[in-house]
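Please open the model in your viewer and keep the selection tool at hand.

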Amino acid sequence: MDALVNQLPIGLAIGAVLLLAALGLNFTFGQMGVINMAHGEFIMVGAYTAYVLHAWAGLDPTYSLIVALPLAFTITGTLGWLLELGLIRHFYGRPLDTLLLTFGIGMILQQAARDTFGAPNVDVPAPAWLTGGTTLLGGIRLHHSRLFILALALVCVAAIAYHLNHSRQGRQMRAVIHNRDLASVSGINTRKVDATTFFIGSGLAGIAGVALTLIGPTGPTLGTNYIVDAFLVVVIGGLGQLRGTIIAAFGLGILNATVEAWADASLAKLLVFAAIIAFLQARPQGLFTVKTRALT
């Protein structure tokens, strides 16, 4: 029991990382039906943004982190907006084509990273106030960097929830999620909504990349380590469902940490995938579904 309790903070940290990685996909995949395989490379771009600010611009780790978060959001959001504007808009309704298209874009971004920064991984030093940790009663160790990632994920969720419920653009996004055709005939510019949605979803990937620099090295293949799990989180939570994404991310993170407490990493991964398959067999629509008055 003590081992499982000690794994809880690790599970929450894993869940926070998965949540940051999956938040963007919750919109681009859940709302727009685009299988964006380049989402992982957007995460990588966000991580390299933090690296450039520290290693090339010479900023202090604290300032580089503070500047990297909004800058990475802007850079990756712009990349996603350009991708949607120039290519993806021509492939709506053809998910397999978007998969192949964005997979190719991802390979291009990976190679560009190798040409620019080299193939070996690089490290981005964390601020001094995020090093170390706090030990609670019972010997539970809370790493400051993981607590920061958890707080960052919760702030992003709060900002998204506010945007969806209290802004005109957010309400239009919800309308398009529920019924795209009805939203269009009601006067909503779905093309503009799609472009904005892709900007926000891709920008969130950049924030996830900055967060990942706090717990590991940065390399051209950084995003590929998280893209599959991020898609699983979105599918388990329910397409376009924010609360489902939150529950699925932390549930999957805690499940991973709990299984790894008594099994090696490979066996734990196999058991977690088996549990996910069993869940989707019983509930293929995910935890939550979009309620709609559409006839189809």
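A cavity, in the sense used here, is a set of grid points where a 1.4 Å probe fits but cannot get out. The model on display is a predicted one.

**First stop: the largest cavity**

A search of the whole structure finds two cavities of 30 Å³ or more. The largest cavity holds about 50 Å³ of space. To find the largest cavity, select Ala50, Pro61, Ser64, Leu65, Val124, Pro125, Pro127, Val210, Thr213 and Leu214, which line it. Next, colour helix H3, residues 61-86: three residues, the largest share of this lining, come from H3. What classes of residue make up the lining of the largest cavity? Eight are nonpolar and two are polar, while no charged residue takes part.

**Second stop: the second largest cavity**

Now select Asp229, Leu232, Leu252, Asn256, Lys269, Val272, Phe273 and Ile276, the residues that line the second largest cavity. About 30 Å³ of space lies in the second largest cavity. Helix H9 (227-237), H10 and H11 each supply at least two residues of its lining. Which helix gives the most to this lining? The answer is H11, with four residues. By class, the lining of the second largest cavity comprises five nonpolar residues, one polar residue and two charged residues.

Then display helix H1 (2-28), helix H5 (144-166), helix H10 (242-260) and helix H11 (265-282), each of which supplies at least two residues of the pocket lining. The largest share comes from H1, which provides five residues. Taken by class, the lining of the largest pocket has 14 nonpolar, eleven polar and four charged residues.

Select helix H6 (residues 168-178) together with helix H8 (residues 190-212). These helices pack at an angle of about 105°, and their axes are 10 Å apart. That angle makes H6 roughly perpendicular to H8. Show the side chains where the helices meet: Gln169, Gln172, Met173 and Val176 in H6 are in contact with Thr190, Val193, Asp194, Thr196, Thr197 and Ile200 in H8. The contact of H6 with H8 contains four nonpolar, five polar and one charged residues.

**Last stop: the annotated spans**

Finally, colour the spans that an unreviewed UniProt entry annotates as "transmembrane region": residues 12-30, 42-59, 65-83, 95-113, 147-164, 198-218, 230-255 and 262-282. Begin with residues 12-30, a span that is 89% helix and 0% strand, with its end C-alpha atoms 24 Å apart. Continue to residues 198-218, where the chain is 71% helix and 0% strand. The end C-alpha atoms of residues 198-218 lie 24 Å apart.

Technical notes:
Residues are numbered from 1 along each chain as its sequence is written. This is a predicted model: local features need pLDDT of at least 70, side-chain atom pairs count only at pLDDT 80 or more; totals for chains, interfaces and linings use all residues. Side-chain values use heavy atoms; hydrogens and water are left out. Axes are lines fitted to C-alpha atoms, for helices over the stretch in contact, and angles run from 0 to 180 degrees between N-to-C directions. Angles under 35 degrees count as roughly parallel, over 145 as roughly antiparallel, 65 to 115 as roughly perpendicular and the rest as oblique. Contact means heavy atoms within 4.5 Å. Ala, Val, Leu, Ile, Met, Phe, Trp, Tyr, Cys and Pro count as nonpolar, Asp, Glu, Lys and Arg as charged, and the others, Gly among them, as polar. UniProt positions are given in the numbering used here, feature names are shortened, and annotations may be inferred rather than shown by experiment. On a 1 Å grid over the protein atoms alone, a cavity is a set of points where a 1.4 Å probe fits but cannot get out, and a pocket is an open set with protein on both sides within 12 Å along at least five of seven lines; lining residues have an atom within 4 Å of a point. Grid points are joined across faces, edges and corners, and a volume is the space filled by probe spheres set on the points.
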